[in-house]
Amino acid sequence: MATEHIQSPLPGTFYRRPSPEEPPYKSEGDSVAPGDVIGLIEVMKSFHEVKADKAGKVVRFIAENEEAIMAGAPLLEIEV
Amino acid sequence: MGIKVHNPGLATTIQDLGRPGYFHLGIPISGAMDRFAMRAANMLVGNDEGAAGLEAVFMGPELEFTSDCTVAVCGADMPIKLDGEERAGWSSIAVKAGQVLSFDFLKTGARIYIAVSGGITVPEYLGSRSTYAIGALGGVDGRPIAAGDDLPTGGDAGPGDGRGVPENLRRAPGNPAELRVLPGLYWHRITDQAGRNFFEDEWKVAPEADRMGYRFRGGRPMEFVERKQPFGAGSDPSNIVDGCYSYGSIQVPGGTEPIVLHRDAVSGGGYFMLGTVISADMDLIGQLQPHTPSKFVKVDMETALQARRDRHALLDQVRAALD
């Protein structure tokens, strides 16, 4: 099985949950479909959803919750 | 003759060199955050330097051109594609009707400037086509561009391929970014120690930074010189009796996070300003990504004026190279 990365389209701060009280969008082992939200990027006073562009199964998150990231940074690894 | 917007990117706006002359009425100067890059892009496609183009932040748009034209992209390093084929930045690109311009992930810098021959010809508002989104002025109905928009252009084919800004004449911030600051008008409000700390500390661009202001965090909190707050000033020691803000002025609400006011800033208010980023370095701020390490460097008026002359000389060199 090949693995691929889902990259962040934006620089900013990465969040894995829609809000601090809610569970993460995705966890290890979850399946991912194109268009699924996998996290949020905070930049310029707003939050932007990051959506998967391919289908697969989450192997691991590479970026941590609240981590500062650059555009193009790998956020998670999926098995396709 | 125009541009069809397939995908707008993130908060992509029409900008020119701005709308000076109304700041005293609360209407900001607006215009490109990196005016050097905007001017260079316009020169490459044969436009007046003040023609309107697009400013895209962090993420490029996808645009289809409906007539033959020349396009140039200057500013941040973000791979440029014409019908999927990679093209160079800081260079003129001949485009045929129906071709699509798109971008890959941002590498360095923050904002790209896309100029098209003939310029984008939306109506002017108070002498400028710049978009001031908060005030819903200029651009397309006062807002960032959106998918489905048809942007009118001046429509000549332009000079085509083969023009480029030599690499040594391009300008980008270092890492850490160094921003030169002239202390004042309210420098006296902070202690000597706080003033030294401000220039010693390494700051980082906060993710909130936008066209109104660039916020920095990570340095030590500031101590203020004690005083009885004057009538009309708020109770926090960072408050003053309301005053005029200038482009580039640095306010520090609560003494914790400096904010450098930029092109879409408010024109006045009640926060003290410890100094002003010199005009020659304001373009660099427009190219800072969130979390970029940054240092403030103290300069005097003579240095600031020399830096302004140097910047003008650099622009002259670009003009000469493209003449």
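Domain bounds come from an automatic or database domain assignment. The model is predicted: local features need pLDDT of at least 70, side-chain atom pairs count only at pLDDT 80 or more, and totals for chains, interfaces and linings use all residues. Residues are numbered from 1 along each chain as its sequence is written, while chains are lettered from A and ligands numbered from 1 in the order in which they are written.

**View 1. The two domains of chain B.** Chain B is divided into domain 1 (2-169) and domain 2 (177-313). Taken over C-alpha atoms, the centres of domain 1 and domain 2 of chain B are separated by 29 Å. Their contact takes 19 residues from domain 1 of chain B and 12 residues from domain 2 of chain B; two residues are in contact if their C-beta atoms, placed from the backbone, lie within 7 Å. On the side of domain 1 of chain B that touches domain 2 of chain B, α1, β5 (69-77) and β10 (108-116) each supply at least two residues. Helices (H or I, at least four residues) and strands (E, at least two) are DSSP runs, numbered from the N terminus. The largest share of that side, three residues, comes from β10(B). Its residues divide into nine nonpolar, seven polar and three charged. Ala, Val, Leu, Ile, Met, Phe, Trp, Tyr, Cys and Pro count as nonpolar, Asp, Glu, Lys and Arg as charged, and the others, Gly among them, as polar.

**View 2. The largest nonpolar core.** This core has 102 residues, and those with the most contacts inside it are Ala40(B), Ala41(B), Val71(B), Tyr113(B), Ile114(B) and Ala115(B). A nonpolar core is a set of buried Ala, Val, Leu, Ile, Met, Phe, Trp, Tyr and Cys residues joined through C-beta atoms within 7 Å; buried means that 20 or more other C-beta atoms lie within 10 Å of the residue's own, with C-beta atoms placed from the backbone. Helix α1 (residues 35-44) of chain B gives the most to the core, seven residues. Domain 1 (2-169) and domain 2 (177-313) of chain B both give residues to this core, so it lies between them. Leaving aside neighbours within four places in sequence, Val71(B) is in contact with residues including Val45(B), Ile93(B) and Leu101(B).

**View 3. A strand pair in chain B.** Strand β13 (residues 203-205) and strand β20 (residues 293-298) of chain B run antiparallel and are joined by two bridges. Trp203(B) stands opposite Ser294(B) in β20(B).

**View 4. Where chain A meets chain B.** Here 14 residues of chain A are in contact with 12 residues of chain B. β2 (12-15) and β4 (37-43) of chain A each supply at least two residues of the chain A side.

Technical notes. A residue is buried if 20 or more other C-beta atoms lie within 10 Å of its own, exposed if 12 or fewer, and partly exposed in between; C-beta atoms are placed from the backbone. Two strands pair if DSSP finds at least two bridges between them.
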